[in-house]
Amino acid sequence: MELWMLLYFLLVVRDVCAHKCVPSLSSLTATEDSQTLLSPGYPSDYENNQTCKWIITAQDVTKKIQVEIVSLDLAYWFGSNCEDYLEFRDGNTDDSTLIKRTCTEKIQIKTKGPHLMVTFITDQHFTAPGFALQYYQIHDYKSSCDPFAARTLSVGQNPLFLDLPMFSQTLQRELNCDFHIKSETTDDVAISLELLDYSSIRCHDGNFSIYDGKNNQAPLILEWCYSNQPFQHLTSSGQNLFIRFKLLKTESLWYVFRVKVTIKIKSASCSDKSISNLELTSLPTYFAFPLEYKHKSKKVCPLRLWAANMTQSIRLQVVSKHSSCGNKDVTVYNGYDQAFGIIGTLCEKKIYISSSHNMVLHPVSEDTTETVIIKASSVVSTCSVKVETKKAIHDVIQYLPEVANAVTSYPHDLNCTYLLQAESSSDAVEVKLFGRLVHKGSHKCSGDTITFYNGDSISSPIISTWCGVPSQNRKFTSTGPKMLVNIKTDSFESFEGAKVMYYAVPQAGSCKLVTNLEANSSVQYLTSPNEPMYYPINSYCVYELKAPEGHVVVLNVIKSKMEEDCSDNVQVYDGLEKNAANYLGRWCGEDKPSFRSTGQDMLIIFSADEEFNTGGFNASYFSYKESSSQYLTALIVGVVMSVMFLVTVTVIIYIFVIKKRRWVGKV
């Protein structure tokens, strides 16, 4: 019974409360001031089976009409066509060019002429609250790429909607598309960008940059390429903003992003008892501080940053400064207001992460005139800004957390530092890496890197900066008991990620990734690391044996005690190239084979897995000069010795048989 009552309400009662459009065709005039057009009865439900039309005409027929849908809630069945919809035509008749038809997407429309026909159609089924849109007349503007000069775009009281860079041809050469966006007013305002949509631009096809001023000599706010969303909102410090698209040869690049451009009045109504608020999401927001001033007094307003998701923290990064800080600075408070602790100033550090979902920026002096460009977002707290110490233990595999998931994307804008410290001063720290932080096929590290320092500070020697490109090693060892690890990621694309494994190894027992050894006529010995004690887990040792020209190398295994399943093994190659053609064989377990090269070089690779072990190996090696005559002599001697051996065995057998017959005869 309750279900039938619900259906009755939806189908009957709701329609009674709906609204019709009267008249069905209306004429409206667009002026410089933004006006609002609503569906019948909005925000109450419209009526079924309606066809409502509006013809909007620009007051100045030399201008165009711009429309922005600010609210859209139409009856819609998921996966079906639009039964109730809005339609926009570039003209004043039903035959005018169709611009767009929508039932779910809040779009922006700009006409090519002074007329716009808006049609709203509903069917006989369910209804909904409808729509609200704003319309006004504008000067025509172009956002296509001009390869010869910067295109200047002026923004006034009404917003601009730009598709940038709108270059729709195949590029035959490197090209810069420059856009200078400026305010039409001389008031104290800033330029604000809201990113509505974007498409990817591959880094090898180009990138774009945004500058806080009239040209690319102004402070840089942002550089971007690849496919993740670069920002949600971006606000300049003044009346100018400069955007440069650096485009390489590519195919049919229509636009990289669609932005809504507005001006922001910097005067605010903040007082000594109230401060402005800025809500943040996980998508970056760029803004200039001071963002606002106290009304007419030009005193700087404090600013409270707060995360829309209250379980997250605030991440703040100083992107650039217009001048040095000097004595005037901005204090950063770790909480809702100044009652919470100070975590620093904007001059002291580039990055701050709050311990709660709030952070406050408060100027030391309200008369400060210096501008700082800031990037802020809400983040899941993954690491503190302090160095975290972690113990490296023998034969215990541990992982650093931030990029440990090599399946899903890792976080953007990380700057995490860890001090890995072995328990004993006679041990070293070893790390092993899996995955990559760059796109497959990339041959260089870019914004996402892991840097390993041979000591406890960033002033220590760098062991390596790793990102997973094909030519990089995957294992690094400190020379002492400490290794500093710094993980940095940028705002751009996350790839497969990386696992950072760490543990302790004996300093004396570790091996270089590649060890060069000289083989000569004297017998020398090659052993597993730390032999006769256990070798370190995850060992990977490469030995290149080189004999004098015209010599060959002989390797004899004297002792071997490794895993029987060959998870720990030694591979031997004829020459210094590791490939199937040069493969001589391998040994593991308690095997004791011998190997001989055909030339002067031999490659030996010892590898061990993560399992604990107590064995190792000991092998001897030497070289000798081999010529064709020596080989023939050795062959002849070998044949003669073999014949002599067969004759001796035959004689012995013959004598034994004769003696046996005589003994049988006597019996």
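The torsion about the S-S bond of cysteine 82 and cysteine 103 is about -55 degrees, so this disulfide is left-handed. The two sulfur atoms lie 2.0 Å apart. A disulfide here is a pair of cysteine sulfur atoms within 2.5 Å. The pair links distant parts of the chain, 21 residues apart. Cysteine 82 is in the loop between strand 4 (64-73) and strand 5 (85-90). Cysteine 103 is in the loop between strand 6 (97-102) and strand 7 (108-110). Strands are DSSP runs (E, at least two residues), numbered from the N terminus, while helices are runs of H or I with at least four residues.

This is a predicted model: local features need pLDDT of at least 70, side-chain atom pairs count only at pLDDT 80 or more, and totals for chains, interfaces and linings use all residues. Residues are numbered from 1 along each chain as its sequence is written, and side-chain values use heavy atoms, leaving out hydrogens and water.

How exposed are the two cysteines? Cysteine 82 is partly exposed, with a relative accessible area of 30%. Cysteine 103 is buried, at 4%. Buried means under 20% relative accessible area, exposed means over 50%, and partly exposed lies in between (1.4 Å probe, protein chains only).

How many disulfides does a search of the whole structure find? It finds three. Another joins cysteine 445 to cysteine 467, with an S to S distance of 2.1 Å. The torsion about its S-S bond is about -90 degrees, so the disulfide of cysteine 445 and cysteine 467 is left-handed. Distant parts of the chain are linked here, 22 residues apart. Cysteine 445 sits in the loop between strand 33 (427-436) and strand 34 (449-453). Cysteine 467 sits in the loop between strand 35 (462-466) and strand 36 (475-477). Cysteine 445 is partly exposed at 28% relative accessibility, and cysteine 467 is buried at 0%.

There is also a disulfide between cysteine 566 and cysteine 588, their sulfur atoms 1.8 Å apart. Cysteine 566 is in the loop between strand 42 (551-561) and strand 43 (569-574), and cysteine 588 is in the loop between strand 44 (583-587) and strand 45 (594-596). The two are 22 residues apart. Cysteine 566 counts as buried at 14% relative accessibility, and cysteine 588 counts as buried at 6%.

Now to the aromatic rings. The whole structure holds 16 aromatic pairs. Rings of Phe, Tyr and Trp (its six-membered ring) pair if their centres lie within 6.5 Å; planes under 30 degrees apart count as stacked, over 60 as edge-to-face and the rest as tilted. One of the pairs is tyrosine 46 with phenylalanine 120: the centres are 5.1 Å apart and the planes are at 90 degrees, so the pair is edge-to-face. Tyrosine 46 lies in the loop between strand 2 (35-38) and strand 3 (51-58), and phenylalanine 120 lies in strand 8 (residues 115-121), so the pair ties together parts 74 residues apart in sequence. Tyrosine 46 is buried at 1%, and phenylalanine 120 is buried at 1%.

Phenylalanine 606 and phenylalanine 617 also form an edge-to-face pair, 5.4 Å centre to centre with 70 degrees between the planes. Phenylalanine 606 is in strand 46 (residues 601-607) and phenylalanine 617 is in strand 47 (residues 616-625), so the pair ties together parts eleven residues apart in sequence. Both residues are buried. Elsewhere, ring pairs link Phe179, Phe208, Trp224, Phe231, Phe245 and Phe257 into a cluster.

Phe245 leads on to the nonpolar cores. A nonpolar core is a set of buried Ala, Val, Leu, Ile, Met, Phe, Trp, Tyr and Cys residues joined through side-chain atoms within 4.5 Å. The largest has 36 residues, of which Ile210 and Phe245 touch the most other members. At least three residues come from each of domain 2 (140-265) and domain 3 (277-380). Those domain bounds come from an automatic or database domain assignment.

What does isoleucine 210 contact, leaving aside its neighbours within four places in sequence? Its contacts (heavy atoms within 4.5 Å) include Leu193, Pro219, Phe231 and Ile243. Apart from this core lies another, of 28 residues, among them Ala422, Leu433, Leu437 and Ala504.
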